[in-house]
Amino acid sequence: MRLKISHTTTYSYDAPVAYALQQLRLRPKSRPGQTVLRWDIDVEGGTKQALFEDEHANSVDLVSFLPQTTQVTIHSHGEVDVEDQKGIVGPQKSCVPLWLYQRPTPQTVAGEKVKKLLGTLEKTDDRLAQLHALSAHILASLPYSTEQTNVTLSAEDALGSGHGVCQDHAHVFLAAARSMDIPARYVSGYLMLQDSVDQTASHAWAEAHIDGLGWVGFDISNGISPDARYVRVATGLDYYSAAPIRGMRQGSGTEDLEVQIQVQQQ
Amino acid sequence: MLGKTAGGLFWMLRYMERTENTARMIDAGLRISLTRSSAAESEWKSILTATGLLADYSARYDEVIGAQVIDFLLRDKSNGGSVISAVETARMNAKLVRTALTREVFEAVNECWITLNELLANPVREQALPEVLQTIRQRAAFVRGALQGSMIRNDIYDFARIGTFFERADNVARIMDVKYYILLPTIMHVGSAQDNVQWEAILRATSSVRAYQTLNEGEYNPRQIVEHLVLDKRLPRSLAFCYKKIADNLAYLESDYGVRHPCHDMVEEINNRFATTSLDEIFDTGLHEFLTAFVNDSQALGAQIERDYRFTE
Amino acid sequence: MPDKIEFFDEMFGYGADLRTPYVDYNDWFSSEDVANLKSKSKQAETLFRLTGITFNVYGAEEAAERLIPFDLVPRIITAKEWGKLARGIDQRVRAINAFLHDIYHRQEIVKAGRLPAEMIANNEAFLPQMIGVSPPGNIYTHIVGTDLVRAGPDEFYVLEDNARTPSGVSYMLENRETMLHMFPELFSKINVRGVGHYPRALRRSLSACAPPACNGKPCVAVLTPGIHNSAYYEHSFLADQMGVELVEGHDLRIIDGRVAMRTTEGYKPIDVLYRRVDDDFLDPLNFNPDSMLGVPGIMDVYRAGGITIANAPGTGISDDKAIYSYMPDIVEFYTGEKAILKNVPTWRCSEKDALGHVCDNLEELVVKEVHGSGGYGMLVGPAASKKEVEEFRAKLLARPDNYIAQPTLALSTVPILTEAGLAPRHVDLRPFALASPKGVDLIPGGLTRVALTEGSLVVNSSQGGGTKDTWVLED
């Protein structure tokens, strides 16, 4: 399936920004089952400083703001061919040791709520089945809702709030899988929706490492494994290390954010 | 050179100069209070005004008492303008820019700091005061000597010199402005004993007694004092002399770096004032107005130098 | 102290036999007047204070700047002794760099079963952001200050591999300067190898590690946390002696894909940054976001090949005290040779049997925190009171994996000058090695730290230790 993607993020400030840097994890990479035909990132109000691979082998653009800017627009766009691989991503390729994916991060600590959730999960020795069951169990306990603010919650806090968005689901999944000693990671990417081209946020899901299969994807929010409608962009230990845009800014002004995403089949 | 280093040099020398100037002003105040105790309070008050510390002082003390003012100006660490604080700041800047200094210069500043800290560890007794003030001036002179005797004449030296003369000009203008009324030629009791004392105080505070007497055959005359401290290029503490030096050092930077900045136009304009303005014109516009304009423009120049040479971001 | 241990004295051996390296020195010393030497010692102190060779003490408001006491009796090492140390350090530095490359790539040593994965996985010093980074020449630790101790005529041990940011080299240089100044006649009589070329060697070594983005002559700079840092004097000294800029985080920005410093003429890119800021504070964009000392984005430029950071972030994994216990294996794994320098036998308290042994013998052991430094948080069993031992036992049992234990070594002594003449005091030795793609350059000398209190084994300056000049004799 050929997908055409356009992702525009506009930051506006009520006062000129003295100095700011942003890391963009917005470039999908070609890999088995995913071929990037073209991809460009255009920045208005900022300058691209460096392009590098981070420890998870994500392609990262470092961007600095132009001096005294009040608005920065990042337009990331391109075309990608995707094949349905039944969610199987394959063996670990980067140098990251698998144990790193078993370590909880502040967002993915398995506290009482995650443990309670695991307590009510039916156990099986089949890892793949177990993780599918976990995925379904999380969605049942934490129904999808976009009524949340866009604050990034930890797995525990998300469970406490009673409902969640895709990144909350992914965090709970990561916390639970890691507490079962299964390496698991966060994936940020795009999903083509059947009923709408326009979207207001990018998508997120999780991958777990199963001996023999390698990494397998779980889109908890949709209760399936990723297929040909999914474009993987970046992976990390949690939202923070895989986030599409992360930055630092000097100055006291307030920030306004607008995101426009279009994903359509060509 | 790092912008921060240029700034550190500028401020190190400003604070060294301030250390010395404050000691000179205490000396002047002391002399007056010895001569006429009734004038002492107003004299100490004008010294506090000239150092810009009157408000700080008044916030702490109800009365202007000589010994208290002296302690405040010499030893009070909570007073950022005291000798002990100024030398501390000078040394902190010396540490900051240490890689730009010769060993001699750093050690002169460090030794100045060590000596003054020992000297001012306890309140200074009245009889010890002249010697303490003398030591302060001497230590500051050692720093100046080390700087002149050991530093390469490059941008480092230029920023150091700009700092020295900038502070000195500012200081001279302020002390004159505080006393401008006694320098006005219209004043009635010209030549009275009181005026002589006052005029001498100004010259003493600007360390110009000897120079003035050499150049003017010992007669105190307010017009001449003003001419001397504002326009006389031979006197190392006159505004004209200081600005000539600032302009020269900025011009060296312009030619070294091959870049002319807004500060170069500004310094030229201020410097020209001393060449093109006559004493009569100064008194016609008003000495106070002239000095106020000078202090303001000088401050603006300082801010511009800071921007042009990127002392901070 | 336990039953009388005999200590090896580097001047007098085990008795009153003068050792060869000290023969000429002793001739000179015998003809000197102790009172006169004592007054010279005072002079040296004045000189140090004037030059501002001080270190800042954290948490001490008054007299926050202190001098490290200097003792004027040199520590003398023969050419032959030095030769062996030099080969051993060279081997160890090469092994550490190979180890760091491996740990941040495929971790072959773990796969080969020579190092348990938990040693890395549970190690706070492992920096995930370094995974996949191959700095120029695969040099991760550019400056190493190996701590050595001596327990007998031919018995040197490595106590610690300081591979992150070893300090103290300014004392090595200033101590020599002071000795040259005070006793020029000694140096004309005795052939002592020079150390004064260290700043040039350091600059050359750093320049040889310039990143791919470097264009022309490499621009080197030293990054300091600022004038209030305890080692600020050393930072400014090294920058000054190398003839490079001393920068702080706020002098730097990312410009044109490079880390650039703000000069009076605009921003200028830096090729090699000798940083004396800890990993955690180095980059608020990638590490501790609250750091005011670092350079946001420097890790990104680093990964993109725009700058060399010396020492590389994440080198702490190699001088961690638990990893230390594996050093003989590490050396063998990467060099294929047996380690030339000995390790001190070390019990890892994370291991149950070892913990048992340590608990049973606390009174005789030295117990250290795995990530500790500066002599803080350690127990010297033989010197501790019963109460101190029991308090430490509680801490140890609460977090056994935070500690390692070693036997109390019979550290060698070198005499110091006291009012009563020469008196033996325990010493250690920290030579400085520079690593670049061209090889390992070891400076013939080092920092000798001396415990000034009689019988004390703690040489750290923060705990009242002093320093000596270290002489390596010519062949």
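## Where chains C and B meet

Let's start with the charged pairs: the interface of chain C and chain B has four salt bridges, a salt bridge being a side-chain nitrogen of Lys or Arg within 4 Å of a carboxyl oxygen of Asp or Glu. C:Glu174 makes a salt bridge with B:Arg103, and the closest N and O atoms of that pair are 3.7 Å apart. Keep in mind that this is a predicted model, where local features need pLDDT of at least 70, side-chain atom pairs count only at pLDDT 80 or more, and totals for chains, interfaces and linings use all residues. Residues are numbered from 1 along each chain as its sequence is written, chains are lettered from A and ligands numbered from 1 in the order in which they are written, and side-chain values use heavy atoms, with hydrogens and water left out.

There are also 16 residue pairs in polar contact between chain C and chain B, both residues at pLDDT 80 or more. A polar contact here is a pair of N or O atoms within 3.5 Å; within protein, one must be able to donate a hydrogen and the other to accept it, and residues adjacent in sequence count only if both atoms are side-chain atoms. On the chain C side, the elements that each supply at least two residues are α2 (34–51), α9 (232–242), β7 (245–247), β9 (258–263) and β10 (266–269); helices (H or I, at least four residues) and strands (E, at least two) are DSSP runs, numbered from the N terminus. The biggest giver is α9(C), with five residues. Sorted by class, the chain C side has nine nonpolar, eight polar and 10 charged residues. For that sorting, Ala, Val, Leu, Ile, Met, Phe, Trp, Tyr, Cys and Pro count as nonpolar, Asp, Glu, Lys and Arg as charged, and the others, Gly among them, as polar.

## How much the C–B interface buries

In contact terms (heavy atoms within 4.5 Å), 27 residues of chain C meet 27 residues of chain B. Two pairs of chains touch, and chains B and C have the most contacts of the two. About 2400 Å² is buried between chain C and chain B, with 49% of it on carbon and sulfur atoms. Buried area means the accessible area (1.4 Å probe) that two parts lose on being put together, summed over both. The chain C residues that lose the most area to chain B are C:Leu50, C:Arg262 and C:Thr264, together 31% of what that side buries.

## Chain A against chain C

What about chain A and its neighbours? Chain A and chain B do not touch, and their nearest C-alpha atoms are 9 Å apart. With chain C, though, 24 residues of chain A are in contact with 24 residues of chain C. The two bury about 2000 Å², and carbon and sulfur atoms give 60% of that. In chain A, the residues losing the most area to chain C are A:Glu55, A:Cys95 and A:Trp99, together 29% of what that side buries.

How many salt bridges cross the interface of chain A and chain C? The rule finds zero, while 10 residue pairs are in polar contact there, both at pLDDT 80 or more. Elements of chain A giving two or more residues to this side are β2 (19–27), β4 (46–53) and β13 (245–250). The largest share, five residues, comes from β4(A). By class, this side of chain A has 13 nonpolar, five polar and six charged residues.

## Two domains inside chain A

Chain A splits into domain 1 (2–82 + 245–265) and domain 2 (88–242), with bounds from an automatic or database domain assignment. Their centres, taken over C-alpha atoms, are 23 Å apart, and the contact takes 27 residues from domain 1 and 28 residues from domain 2.

The domains bury about 2200 Å² between them, of which carbon and sulfur atoms give 56%. On the domain 1 side, A:His56, A:Ile261 and A:Val263 supply 28% of the buried area, more than any other three residues.
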